[in-house]
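Here's a quick briefing to read with the model open in your viewer. Have a look at the fold first, then at where the chains meet.

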Amino acid sequence: MTLVTPLRADRIADAHAAPLRTVVAGTGRLGLQAACVLATHEGFALAGLVESRADLRGFARGCGFDAPVESRLARLLPVCDAVIVCAPPDARAALAGEAAAAGRAVLVAHPVSDSRDDARALVVRGPGRVSTFSPAAFHPLYERTRELLVSGELGAPEQVHVSVYASRVFGPHARPPHGDVLDHYGTDALFLLDRLFGPVASVEASGHQLYGEGFDEAHARLVHRSGFTSGLDVSWSVPGYPRPATVIEVKTPKGHLLVSDDALEIAPVLGPGQTEAEGTRVTAAELPAVARFDTGGDELWLALDAFARQCRADAAPAADGPLDLWRSVRVVELLADLRRVVSPHGAEGRRS
Amino acid sequence: MTAPRSAPRLLLGVTSLDGPTRATRDRQLEVAARFREPESLAVTLVKALEAGATAVWASPSPALRAAMGDLKRRVPVIARLPLPPAEEDLHDEPFLAAAPPAGAPRAGTWNVEGGALGALLPVDLASRVTRRIERELPALAPAVIEGLGVSAAATDLALAAGQRKFFDRLLQFGRSRFRGPVGFETANLGLLLERLAAWKIVPDFVVGPVNPLGLGMKPTPETVKSELATTSVPVIACELRAGGLISLAEGAAFARAHGVAGLLTELVDLDDVRDEMREL
């Protein structure tokens, strides 16, 4: 089985076309990383930055990008073709809706909202013009995993388990001011699960509050619409993970697949009389390098590049493609359901 | 501006003990376990210096502080600052936009720099970074700080923004503050070398990935090799083992063949510090 595939020419946005004049709404950490990509990617021209918080606006101005920094999106809509929304989740749907209503192509960071109603309303307000992204879904190893699963080379998945571990809540100041482990890590894991294995039909879940308000650990059993079941463990109270780790195990009729942001490994099922079979392993370093600017990983560059190519083709986000808005909406709803059924003391709840 | 200083020829990096690397997680955990006792790290630092390392490339960390406290001899350090906190991914604010007030515990304190009034004033990136460096330097004590390497988190933000004056000002600050070399770490070596040439800025060194597999050589390995062939900036090659896929000797030979001025080898790249560094 070939795990490393050659670089496809269509993986890079056409550098010869006129650059897409693009505004970044939200100049927090993710927004500034997006600005860095736009400022160095030939397919984009950074047309401006929008930030409602005065302190972050001051910081963005101090960074010295050659683009205006405004407090309201409306001031920059006349000078842009596209808007990338990286504001905090509670502000994303409104900004995306405003840009879509003005006829701009929009890319919103996942989760598109912290409210299921706002997320659904966005689909109605911006049909075909609004896309979404979760950087993890663009990680080359997870994307290669998806290609392998789609190819059918391994057969249909029988069992899936996803573990997300991080060391984050130790110490008096370690907990973030907002959100719990589901907000910070669970939502991206669910997005990845949906991307790799399709939408979820029902969920059972339990959780633990160990260090204060909100969940520090959660465990879920997800039944996908295609019929198989996946398990999810997410915790930010595991020692030894300064860098968060997402590990996905997939059991198929032909083998056992194990993937993380380190490596993708396949151990084939032994045939009759076979005592040993050669496994296959590839690391991220062995996959073709596509991204041209590193913002602490290649994923954000790849996501924005995919958006540039989609805009160039004047296309709506492909249904079930990596930028499909519905995926984020589904995950926002799933997370809301999961929160509703989960018991804070480990007892399981269920939603169908 | 004060005169340039010589780039270090060989650095031992200890940032992989608690920072992200391209080595596998298993390898990182194995190495972190090996140096759990401060004495182990202290001995390794001394061995590295005896084997020819010019200095240690380090960010503040409890492990380094404990090891330095155990040592009787002077260990020269090139300080890699400012340091993005491990929990940065939980915060919307960029870590450079927020800073702990003097004397407060670092981790998890995300007050906006300068208080309410200061927060509203546009402060340029160079000023924020120099203040942050000053604030973080004491955490490297009792190390002897020889020089400064501005971390990639700050360098690459200024690089993408096209901030020529950031590089000028940080060089000026570093050269007046330290007696050793002052440079910049980057994850985007090709673009940095290209822009430094256009801006006619020559730091004492830049640190960036160079390896035969092209891992981390942005924007492309070809561009980095081409810039290396023409640059007047001393480059210190890191990521020599391309995430552990090739040997240190191969990586070092490749980097030297492309004209780098020095090598940075991290603890995760080494099994026998003394022997392997001696061969470099």
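**The parallel sheet in chain A**

In this predicted model, chain A has an open sheet of 6 strands that pair in parallel, in the order E3-E2-E1-E4-E5-E6. Strand E3 (69–70) and strand E6 (130–133) of chain A sit at the edges with a single partner strand each, so one side of each has no neighbour in the sheet.

- Strand E1 (residues 20–25) of chain A runs parallel to strand E4 (residues 82–85) of chain A, and 4 bridges pair them.
- To find that pairing on screen, go to Val24(A), which stands opposite Ile84(A) in E4(A).
- Helix H3 (residues 89–101) of chain A packs on the sheet, where it touches E1, E4, strand E5 (105–109) and E6 of chain A.
- The direction of H3(A) makes about 170° with that of E5(A).

- Strand E12 (residues 255–259) and strand E13 (residues 263–268), both of chain A, pair in the antiparallel sense over 5 bridges.
- Getting from E12(A) to E13(A) takes a hairpin through 3 residues.
- His256(A) has Ala267(A) in E13(A) as its bridge partner.
- E13(A) also runs antiparallel to strand E14 (residues 280–283) of chain A, with 4 bridges joining the two.

**Where chain A meets chain B**

- How much area do chain A and chain B bury between them? The figure is about 3,700 Å², with 59% of it on carbon and sulfur atoms.
- Chain A puts 45 residues into the contact and chain B puts in 48 residues.
- The interface of chain A and chain B holds 6 salt bridges.
- Among the residues forming salt bridges are Asp298(A) and Lys218(B), whose closest N and O atoms are 3.0 Å apart.
- There are also 17 residue pairs in polar contact across the interface of chain A and chain B, counting pairs with both residues at pLDDT 80 or more.
- Helix H1 (29–40), helix H2 (54–63), helix H6 (181–197) and E14 of chain A each supply at least two residues to the side of chain A that touches chain B.
- Of the elements on that side of chain A, H2(A) gives the most, with 8 residues.
- Sorted by class, the side of chain A that touches chain B has 22 nonpolar, 10 polar and 13 charged residues.

How values were computed
Residues numbered from 1 in each chain as written. Chains lettered and ligands numbered in written order. Predicted model: local features only at pLDDT ≥ 70, side-chain atom pairs only at ≥ 80, totals over all residues. Heavy atoms only, no water. Pairing = 2+ DSSP bridges. Contact = heavy atoms within 4.5 Å. Axes fitted to C-alpha atoms, helices over the stretch in contact; angles between N-to-C directions. Buried area = accessible area lost by both parts, 1.4 Å probe. Salt bridge = Lys/Arg side-chain N within 4 Å of Asp/Glu carboxyl O. Polar contact = N/O pair within 3.5 Å; in protein donor to acceptor, adjacent residues only side chain to side chain. Nonpolar A, V, L, I, M, F, W, Y, C, P; charged D, E, K, R; others polar.
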